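Colleague: I'd like to learn how to read features from a model like this one. Could you take me through it step by step?

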Amino acid sequence: MIVDRIGPAYDFQVLGPLQVRVDGTALALPARHPRMLLAVLLLHNGEIIPEGRLLEQVWGHGVGSTIALRTAVSRLRSWLRDKVGGVAEVEHVGGGYRLRLPGRFLDAARFRAALAADFDAPGTDPHQRLAALMGVLELWHGSVLDGAPEGVREESEVRALEDEHALCLQRLAVLAISVQMPELVLPRARALARTRPFDEPLHTRLIELHAACGRPAEALMEYERLRSRLAEELGIAPSADAQHAYLTVLNQDLPSGSLDRSHVVSRDHHVVPRQAPPDIADFTGRSKAAAVLLDHLSGMLDDASRTTALIAGITGPAGAGKTTLAVHIAHRLESAYADGQLYADLRGAGIPESPAHVLGRFLRALGVPKNAVPDDPAERTALYRSLVSGRRMLVVLDDAADEAQVRPLLPGSPTCGVLMTSWSRLVGVGGARIVEIDRFDTDHAIQLLSAIVGHERVTAETSAAAELVALCDRLPLAVRICGARLAARPHWPLEGLVALLRDEHRRLDELSVADLAVRVGLRQSYARIRKEVRPTLARLARLGRCEFTTGTVAAVCGLDHGAAVDHLGILVEARFVSVVDTGQAGRFHYRVDDLARLFVLHPGGAALESSEGPHIHS
C-alpha cells in the first residue's frame, strides 16, 4: 500500500486547526458561526445533522435560533460557492443539513481510508506498511479542530478520530519494533501519550519503544508513572499487557548505565522525591511576587503548545528571603507537580557546587543506583532529562552562581518546572520569568516581627517596633534575627534591643543569632565586587545616609563619567547601592543601603578578620 504524498487541489483539514486549502494555499475562513457550522458538517461529512444538534454545538444551549442557523447556512453556502466552486455543497434534508464533499478532499476521510487499508493488508511487507502509516501521520497537525469552541470539540466524532490517531501510533510502534526502527516512532508516541495520560495501550507501546531504543531506564520509569497515575486517579492496577511489557524489560540484559534490575525489582512502590526544605510557619508578605510565580509555574502547565520547561527566577539582595519564598512556592505547587520535587543548594554565594555533583544526587533521587550514574557530565545531563521527561516535576535551584551552573540542570520536558534563586538576574536563561524582591515595606516587616514575638508584645511597643524594623533597614533576615532574639527572652522589652541597634559600630554584631548573621550575606556580596570598584564604595559609604547622582560619584571618587556609570552599575548589581527614582524621566538618584554602609565603615567580626574585607582607611 502506497500513500500519495501529493495533496489534492482542494484540501479540507480537521486533523488540527480547521483549514481549507486550494493548491496548497490556505483560504481565509468565513465568520465564526458559518466557520463552526462547517467544522461540524465536516466531522459528519455525508451525514444528516438535525437542526437542534447544530444549534446546540455551534451556538450553545438555548442561545441560537432557527433563523440564525439558516443565516449561517446561507453565508456558508456563499463562501463555499465563491471559494471552492461546486466541490462542496450544503443540503437541507428534512429537519437537518448535510455536507456533500468527496472524501479525497477531506483529511479525516483520507486518514481513515489509509487506516482501514492497513487493516486489510496484514501480510504486506512491514517496511511498506510502516512507510504508508508514517505518511498518513503527516495529515495530523495537532488535536482535532484545535482551537475550536468546547461545544464543537466535545463532539463524539472528535473523540473517535483522536482514538484512531492513537490506534495508528500503536500499530506503527509494533511495526517499527518489528523492523528494528523504533526511533522513527518514539518521538510521536511520546508526544501523543502526554495528551492521553490514561491510554494504557498507547503507554504500553511507549514502554516497548523505549526498551527497543536501548533505553530501559526510561521504559521502567514510564511504567512507574503509568502505575502511579492509575492507582492515584482511578484506583486500579495497570493492565496485563502493560505489566507484561514491564516484566519483559526487567528480564532483559540491561545496558551499562541504566537502572540495575535487582534495584528495580526490589521497589514495591513508586518513589516520588520531595526534597524541598520545610516551609516556615510565619511566612509573611511577598503576596504579589508569590502570585506571579504561582501563575507562571502552574497557570501554563497544561498548555499543550509549549515545548520547553516553565522557568522562573527570584533575585534580590542577601537576606531578602529569596530561599524562603522559593521553598514556600515549592510547597504551594506540590499538587501541581505530582511526580515530585528536586532541590539543590548550588552555593553560588560561596564555592559554587558543580553541576555534575548535583546531577549525581538528582539521578540517585530518581532511582538510579550509585554505580549506574554515568561519569561523563554530559551523559548525566542526558540521563537526567530522559528520566524526568513527561513527568510533572519541579526543580528548585537555590543560590545559583550564574547561567553556566544552571543550564545543565534544566529539564527538557514541557511537563517540568524550574524555580531558581540568585543574587544575579540570570537573564541568560532563556524563557525565564524573573521576579525581583527587595526589603519589606514597614507594615510587612512589623507583621513578620509580630508573627515571631507575638502580636501583643509588638502592639505594646509600637514606636519601638517601628524603629527596630527601620534599624534593620526592613531586611527580612535582619527582622527575623531580631525576632528570634526577642522570642528567646520573652521579658526583654523591644526598646532594649533597639538601644543596642542604635549604635552603628555594633549593629551588625547584634544582627546575629544561632547560624543566622546579616554580616555573612554582606561579606559574600562584597566578594563579588571588582577590586577596583571597592574604593568607590568606601568613599560613597562615608557620605552617610544621603542620595547622590552619577555626577557626585564622578566628583567624589575622581572618575570620568563613563567609569562612574560602570562602577555604579556594579554596585547596584551587587545590591550595595539602590536606585532611587526621582520621578523625572531619565534622572535617577542612588544611595548606599544602611546595613551595607555599616558593613563597609565598620567591618568588624572575627570571621572577617581572616578574609579579604573592606579596607577604606587609606
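Colleague: Let me start with one side chain: does Glu 222 count as buried or exposed?

Modeller: Keep in mind that this is a predicted model. The general idea is a cut-off: buried means under 20% relative accessible area. Glu 222 has 6% relative accessibility, so it counts as buried.

Colleague: And with which residue does Glu 222 form a salt bridge?

Modeller: With Arg 225; the closest N and O atoms are 2.8 Å apart.

Colleague: How many salt bridges does the structure hold?

Modeller: There are 38. One of them pairs Glu 155 with Arg 53, with 3.2 Å between the closest N and O atoms. This pair links distant parts of the chain, 102 residues apart: Glu 155 is in the loop between helix H6 (150-153) and helix H7 (156-178), and Arg 53 is in helix H2 (residues 51-59). Glu 155 is buried at 1% relative accessible area, whereas Arg 53, at 34%, counts as partly exposed.

Colleague: Which parts does the salt bridge between Asp 118 and Arg 171 tie together?

Modeller: Their side chains meet at 2.8 Å, N to O. Asp 118 belongs to helix H4 (residues 107-119) and Arg 171 to helix H7, so the bridge ties together parts 53 residues apart in sequence. Both residues are buried.

Colleague: Now the sheet, please. What is the order of its three strands?

Modeller: The general idea is that strands of a sheet pair through backbone hydrogen bonds, either parallel or antiparallel. Here the sheet is open, ordered S4-S6-S5, and the pairing is antiparallel. Strand S4 (49-50) and strand S5 (89-93) are the edges, each pairing on one side only. Five bridges join S5 to strand S6 (residues 96-100), and His 92 stands opposite Tyr 97 in S6. Helix H3 (residues 66-84) lies across S5 and S6, at about 150° to S5.

Colleague: Last one: which residues make the nonpolar surface patch of about 270 Å²?

Modeller: Phe 198, Leu 234 and Ile 236 make that patch. Ile 236 sits in the loop between helix H10 (216-234) and helix H11 (240-250), and its 39% relative accessibility is why it counts as partly exposed.

Methods. Residues are numbered from 1 along each chain as its sequence is written. This is a predicted model: local features need pLDDT of at least 70, side-chain atom pairs count only at pLDDT 80 or more; totals for chains, interfaces and linings use all residues. Side-chain values use heavy atoms; hydrogens and water are left out. Patches are made of residues with over 30% relative accessible area and no salt bridge: like charges are joined within 9 Å, nonpolar side chains (Val, Leu, Ile, Met, Phe, Trp, Tyr) within 5 Å. Accessible areas come from the Shrake-Rupley method with a 1.4 Å probe; for residues, only the protein chains shown count as cover. A salt bridge is a side-chain nitrogen of Lys or Arg within 4 Å of a carboxyl oxygen of Asp or Glu. Helices (H or I, at least four residues) and strands (E, at least two) are DSSP runs, numbered from the N terminus. Buried means under 20% relative accessible area, exposed over 50%, partly exposed in between (1.4 Å probe, protein chains only). Two strands pair if DSSP finds at least two bridges between them. Contact means heavy atoms within 4.5 Å. Axes are lines fitted to C-alpha atoms, for helices over the stretch in contact, and angles run from 0 to 180 degrees between N-to-C directions.
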